[in-house]
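Dear colleague,

Please find below the structure that I am handing over to you. My findings follow it.

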Amino acid sequence: MTQNPKTDKTFTLTNDQTGDSIKLPVLEGTAGPPVLDIRKLYAQTGHFTFDPSFTATGSCKSRITFIDGEKGILQHRGYDIADLAEKSDFLEVSYLLLNGDLPDKQQKEEFEHNITYHTMVDEQVNFFYRGFRRDAHPMAIMCGVVGALSAFYHDSLDIHDPAQREISAHRLIAKVATLGAMTHKYSIGQPFMYPRNDLSFAENFLYMCFAVPAEPYKVNPVLARAMDKIFILHADHEQNASTSTVRLAGSSQANPFACVSSGIACLWGPSHGGANQAVLEMLDEIGSVENIPEFIARAKDKDDPFRLMGFGHRVYKNFDPRANVLKAACDEVLEDLGINDPRLELAMELERIALEDPYFIERKLFPNVDFYSGIILKAMGFPTSMFTVLFAIARTVGWVSQWKEMIEEPALRIGRPRQLYTGPTQRPYVDLDDR
Ligand code: SDX
């Protein structure tokens, strides 16, 4: 179902200096705000629009993910995230994101087989790791090794061939998880564990991270289910910063491995995917409930760069539906593991105090997806520095789905924003002796 966004509605834009007016067409999607089509604005008015952090700019049409920030709605291809997290699994959601509908039994089996049999990486990839220091940040390693995959898979780099696009997408979904596990093993000085085809995606990932060659390892089913749910909740999220990075890189017709590597680099930032690591570090810095008021005051102080990590969101102004699911999963994992992590109590008290504070209420700052995920991941045994790698593993399917949708657009054009120039106007060169 491809809804034609064209309408007969328009906005009139008038230049108050000249009285000249133009009509801006209104385009309407199947849900969410309509958009003003400004593609002819510069040709008709000689003016650009100005929206530096894209707070009011639609960069593309997409059928993949819908978010309503006011109502706390997140849907993938029309399915609510809470339903998917409860009833589906990560590979089924991956199929949905990539192909547009939930798979039938045969499609699901075929997809699971394809992903499973792409989890191994070329043995040469192992040698990349030896170039990194053991204490390299795992995201630094991931930026490098994921981009390097394009050096191995020349048979799937033709982005105009649908079959090669599909193989690249499957390879990335499967291999980024393996590379993530290898990155964890490398950073703790343990041998890499090869993928196992008899395990589910989440079980296999936990096995590759926590098994050792010296003895058998049984994946805890509660942790596997929590891991799978965490992957689902992080899979895609409309045109967020890293997805927009992947789309922009892809618009130049760069290969998908390089595009996903650019998304990993962007996700690393503490304002984005790096927030889950920053939340744990913040909770450890706060230390105890008694210190919460001091940190709340710092978060409100414009002269203090400190922000309450895991709070706030560009789109969600009510609540992040993923945070609610993660909070429930957090309780389940900690109970199953018999862990009484004081950070969970601290996080819940921080949430309670912040949500009663006018500063946070007025600015509609609520816990986001990163607020609780770190506590679960810590309980599962991951070092804090691996948290954003886990986010990247999940988001890879969102990145490749959005990339694929863009490449399949009839008229793929390179993304090339303009600017408001405020620098020096033309001036003559001055010789060194005369400066
Ligand atoms: C993710 O886009 C996505 O979809 C991202 C993501 C995804 O799935 O891809 O959902 C994943 O990145 C979640 C966000 C993780 N980041 C953090 O938790 C870092 C802490 N949050 C902030 O850095 C911030 O809230 C952002 C980056 C998330 C959103 O920034 P915006 O939309 O640019 O908001 P803003 O900076 O304009 O803030 C508006 C006001 C400001 O105060 P005033 O200038 O109006 O007085 O709210 C304040 C900000 O100072 N504010 C905060 C705050 N976040 C915003 N104050 C204290 N603590 C915070 N966390």
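The shell around the ligand is made up of nine nonpolar, eight polar and seven charged residues; here Ala, Val, Leu, Ile, Met, Phe, Trp, Tyr, Cys and Pro count as nonpolar, Asp, Glu, Lys and Arg as charged, and the others, Gly among them, as polar. Please note that this is a predicted model, in which local features need pLDDT of at least 70 and side-chain atom pairs count only at pLDDT 80 or more, while totals for chains, interfaces and linings use all residues. Residues are numbered from 1 along each chain as its sequence is written, and side-chain values use heavy atoms, with hydrogens and water left out.

The ligand

In total, 24 residues surround the ligand, and the closest are His237, His313, Arg314, Arg322 and Arg395; a residue is counted if one of its heavy atoms lies within 4 Å of the ligand. Several polar contacts (pairs of N or O atoms within 3.5 Å; within protein, one must be able to donate a hydrogen and the other to accept it, and residues adjacent in sequence count only if both atoms are side-chain atoms) can be listed:

- Leucine 308 places a backbone N or O atom 2.8 Å from a nitrogen atom of the ligand.
- Glycine 310 has a polar backbone atom 2.8 Å from an oxygen atom of the ligand.
- Asparagine 368 has a polar side-chain atom 2.9 Å from an oxygen atom of the ligand.

Of the 1000 Å² of accessible area that the ligand has on its own, the protein covers 77% (Shrake-Rupley method, 1.4 Å probe; for residues, only the protein chains shown count as cover).

Helix 17

Asparagine 368 also caps the N-terminal end of helix 17, with a side-chain oxygen 2.8 Å from the backbone nitrogen of aspartate 370. Helices (H or I, at least four residues) and strands (E, at least two) are DSSP runs, numbered from the N terminus. Ten of the eleven residues of helix 17 (369-379) are buried, that is, under 20% relative accessible area with a 1.4 Å probe and protein chains only. Among them are Phe371, Tyr372 and Ile375. After the helix comes glycine 381, with a positive phi near 105 degrees.

Three strands form an open antiparallel sheet in the order 1-2-3; two strands pair if DSSP finds at least two bridges between them. Strand 1 (6-14) and strand 3 (35-36) each have a single partner strand, so one side of each is left without a neighbour in the sheet. Six bridges join strand 1 to strand 2, and threonine 12 stands opposite lysine 23.

With kind regards

Definitions and conventions
Buried means under 20% relative accessible area, exposed over 50%, partly exposed in between (1.4 Å probe, protein chains only).
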